[in-house]
Amino acid sequence: MMQDYSSEFSGRKVFITGGSRGIGAAIAQRLLDGGAQVAVSARSKTEDIPSGAIFIKGDISTAEGANVLAKEVLETLGGIDILINNAGSARVHLAGSAGIPDEEWLDALNLNFLSAVRTTTTLLPALKESSNGSIVNISSGGPNAFMAPLLHYGAAKAALNSYSLGLAAELAPKIRVNVVTPGMVITPGADEIRKVFTDAMGVPEGAMGGMVPLGRMGNASEIAEVVALLTSDRGNWITGQNYFVDGGMGNIGRK
Ligand SMILES: NC(=O)c1ccc[n+]([C@@H]2O[C@H](COP(=O)([O-])OP(=O)(O)OC[C@H]3O[C@@H](n4cnc5c(N)ncnc54)[C@H](OP(=O)(O)O)[C@@H]3O)[C@@H](O)[C@H]2O)c1
């Protein structure tokens, strides 16, 4: 018998950072489809934001920005059950890590790591009020993250992984905390980053999909599906885990 998941998030309040496009927008759509009330944030509004989501504008890469956003989320939703720390990005430095300026190391840490810490810390008292509290942090662990041109980004995501594991231990059994690590997923931001690499290698933009054991790049909805599993009651006995959703790239792709 087919399961019906169309109301499993009914009554749940969700905040997704970086929900204006790509993976964040797909998560927003998936949780809306399950009946959640969803707020998303970004610096700019886009047409990719699902029509049922509430948009909250702001820059999450500063302490003040993250705290103001989190407070606005509580004013708007009146509480929170599910937090998805998804916003993230970095600039590619083809010359390698020595060419990454100090301010870009700080930018990478602020956006990819500290934004999640600050948002979580501000929302924690409200999350503790929920009987279904759950956090998912969107990381990166594939070959792209730990390549020299993206070392600042990879190091920030490694910090996010470490933080997530510690937080899962600290907050159990009240709040579950998990990480989802996407592989190469087709999104506006990641497509731009990959284009820098494929241009430098002189290969077509689609060539990277051939490196994936399952033969193609992923779709944002395939990441959203795992986030839905982890944040729903179906994931009630899962915490402190890092789920690789990457077509096999992380574990078998480089053997
Ligand atoms: N797609 C992949 O292949 C891939 C692989 C591994 C990991 N990931 C991770 O998945 C997450 C989502 O990536 P994506 O590929 O969907 O990226 P994307 O298409 O670039 O979307 C990024 C989102 O974050 C927001 N954002 C960026 N900087 C921000 C800032 N300073 N303040 C507030 N919001 C900000 C963007 O909106 P604004 O620019 O308007 O602010 C946008 O909504 C990221 O954490 C990324 O590291 C993606």
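A residue counts as exposed when its relative accessible area is over 50%, and as buried when that area is under 20%. The structure shown is a predicted model.

**View 1. Salt bridge between R91 and E104.** The side chains of R91 and E104 meet with an N to O distance of 2.5 Å. R91 belongs to the loop between β4 (82–85) and α3 (102–129), whereas E104 lies in helix α3, so that the pair links distant parts of the chain, 13 residues apart. R91 has a relative accessibility of 55% and therefore counts as exposed. E104, by contrast, is buried, at a relative accessible area of 9%.

**View 2. Salt bridge between R30 and E8.** The closest N and O atoms of R30 and E8 are 3.6 Å apart. Because R30 is part of helix α1 (residues 22–33) and E8 of the segment before β1 (13–17), the pair ties together parts that are 22 residues apart in sequence. Both R30 and E8 are buried.

**View 3. Salt bridge between D233 and R12.** An N to O distance of 3.1 Å separates the side chains of D233 and R12. D233 is located in the loop between α6 (220–231) and β9 (242–245), and R12 in the segment before β1; the pair links distant parts of the chain, 221 residues apart. D233 is partly exposed, with a relative accessible area of 41%, while R12 counts as buried at 8% relative accessibility.

**View 4. A network of salt bridges.** In the whole structure, a search finds eight salt bridges.

Notes:
Residues are numbered from 1 along each chain as its sequence is written. This is a predicted model: local features need pLDDT of at least 70, side-chain atom pairs count only at pLDDT 80 or more; totals for chains, interfaces and linings use all residues. Side-chain values use heavy atoms; hydrogens and water are left out. A salt bridge is a side-chain nitrogen of Lys or Arg within 4 Å of a carboxyl oxygen of Asp or Glu. Helices (H or I, at least four residues) and strands (E, at least two) are DSSP runs, numbered from the N terminus. Buried means under 20% relative accessible area, exposed over 50%, partly exposed in between (1.4 Å probe, protein chains only).
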